[in-house]
Amino acid sequence: MKKRKIFSALLAFGLSASLLFQIPVSAEEADQTAAEAVSTISTNSISGWPQASDISSEAAVVMENSTNTILYSKNADEVLFPGSTVKIMTCLLALENTQLADQVTMTATGVSGVTDGGASISSQVDEVFTVEQCLYAIMVASANDIALQIAEHVGGSVDGFVQQMNSRAQELGCTNTVFTNPTGLPDENQHTTAHDMALIMQAAIQNESFRTIAAATSYTIPATNKAAARNLTSKFTMTDTGSTGFYEGCIGGKEGYTEASGSTLVCAAQRSGMTLISVVLKGASGQTAPDAASILNYGFDQFQTLSLGDSDFSIISGGNVVVPAGTSADSLTTEDTQNGDEISRTYLFNGTAVGTATLEIAQAEDTASVQTGEQNMQAAKDYSDNHTQIPYFVIAGLFLLLLILLIWRIVKVVKS
């Protein structure tokens, strides 16, 4: 009984001391800790990967175009609102399903975008544009009225076009993207991720017409059957040489803002033969362009491309890898998967995919045989280098001695 009282007293004393001496944490410090946890850059955890600085935007990604290698990833798979970057998919589908010279006649569907609270070019019912003029209006002026009309023109209806948008996103490998309109106006069901938007931009920049349109800082729509000429000016600063936000090598992009999405930006840039795609989501107004430039600089400064196909003749396609600057091909490992008469090879840097290649099976086997022969030759050389030559000299000396004795014996017999 006495022992129980002593134990209870000690326990009470310990609890009191812990409450008395614990260090209080302010709400501000707690928020900071939570923010630091949220802002983790996942690519910084890759062994041997260049360490990247954080940015203010909530999610971002930098992807190398030819290999799909993710160089920078911050919350890249977090589901967020896309804002006007949706219009990249709108333009891509229009380019894939129409001709630039095709004529588009405005209906009530498109003109409803003049008063929907977003950007427009104040189009009128029955006004006629070409597809090319429409796409410049969408990318340069972010015109919602024209985006809605292109959707109806291509898909038969806006809903039909939205279905095409979602199907195309799935074809491109997007896993967390749902489109509900072609404009990017807020909708609680419309969402995407930084990684998915990078895949969409990757497909778009394969189209030369898109690259030309997306890089434009201004455009003039000539007088139409309903209105005088319109001079359009882009608010996208990264391609504008006269802007402080200009980024050397930027080949085009789209920026947007809604209260739900925050500031969003998708762009691509090319330097020294390397093309990088940068996506920044849920940023502060005026901060997404500097954030995109910061992580693009990181990608161009810290990584290099190796063309393994130049030395491996078994590769029939692919063979490019993107690795930290200074890395050699010897630092990579491979994983092979057979597909019919071909082998798909993935190159890994400390377990992270950095490129792929396709090899013919016969050539791959020949390469393996050559490699095996080279390994055997090297093994023989290593064995020879690691063993003394004295036993061979002893054997040769004994053989010579026996030969001399044999000759002496023969001579003796002959003389006798």
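**Close-up views of a predicted model**

**View 1. The pairing of helix 3 with helix 8.** The axes of helix 3 and helix 8 (residues 194-204) come within 10 Å and cross at roughly 35 degrees, where axes are lines fitted to C-alpha atoms, for helices over the stretch in contact, and angles run from 0 to 180 degrees between N-to-C directions. The crossing of these two helices is left-handed, a term used if the near helix is turned anticlockwise from the far one by less than a right angle. At the contact (heavy atoms within 4.5 Å), Ile88, Met89 and Leu92 of helix 3 meet Ile200, Met201, Ala203 and Ala204 of helix 8. The residues of this contact divide into 7 nonpolar, no polar and no charged.

The model is predicted, so that local features need pLDDT of at least 70 and side-chain atom pairs count only at pLDDT 80 or more, whereas totals for chains, interfaces and linings use all residues. Residues are numbered from 1 along each chain as its sequence is written, and side-chain values use heavy atoms, with hydrogens and water left out.

**View 2. The covering of helix 3.** Of the 11 residues of helix 3 (residues 87-97), 9 are buried, meaning under 20% relative accessible area with a 1.4 Å probe and protein chains only. Among them are Lys87, Thr90, Cys91 and Leu95.

View 3. Ser261 is found in the loop between strand 7 (250-258) and strand 8 (262-271), and is buried, with a relative accessible area of 2%. Its side chain makes a polar contact (N or O atoms within 3.5 Å, one able to donate a hydrogen and the other to accept it) with the side chain of Thr258, at 2.8 Å. Leaving aside residues up to four places away in sequence, Ser261 touches Phe81, Pro82, Gly83 and Lys282.

Definitions and conventions:
Helices (H or I, at least four residues) and strands (E, at least two) are DSSP runs, numbered from the N terminus. Buried means under 20% relative accessible area, exposed over 50%, partly exposed in between (1.4 Å probe, protein chains only). Ala, Val, Leu, Ile, Met, Phe, Trp, Tyr, Cys and Pro count as nonpolar, Asp, Glu, Lys and Arg as charged, and the others, Gly among them, as polar.
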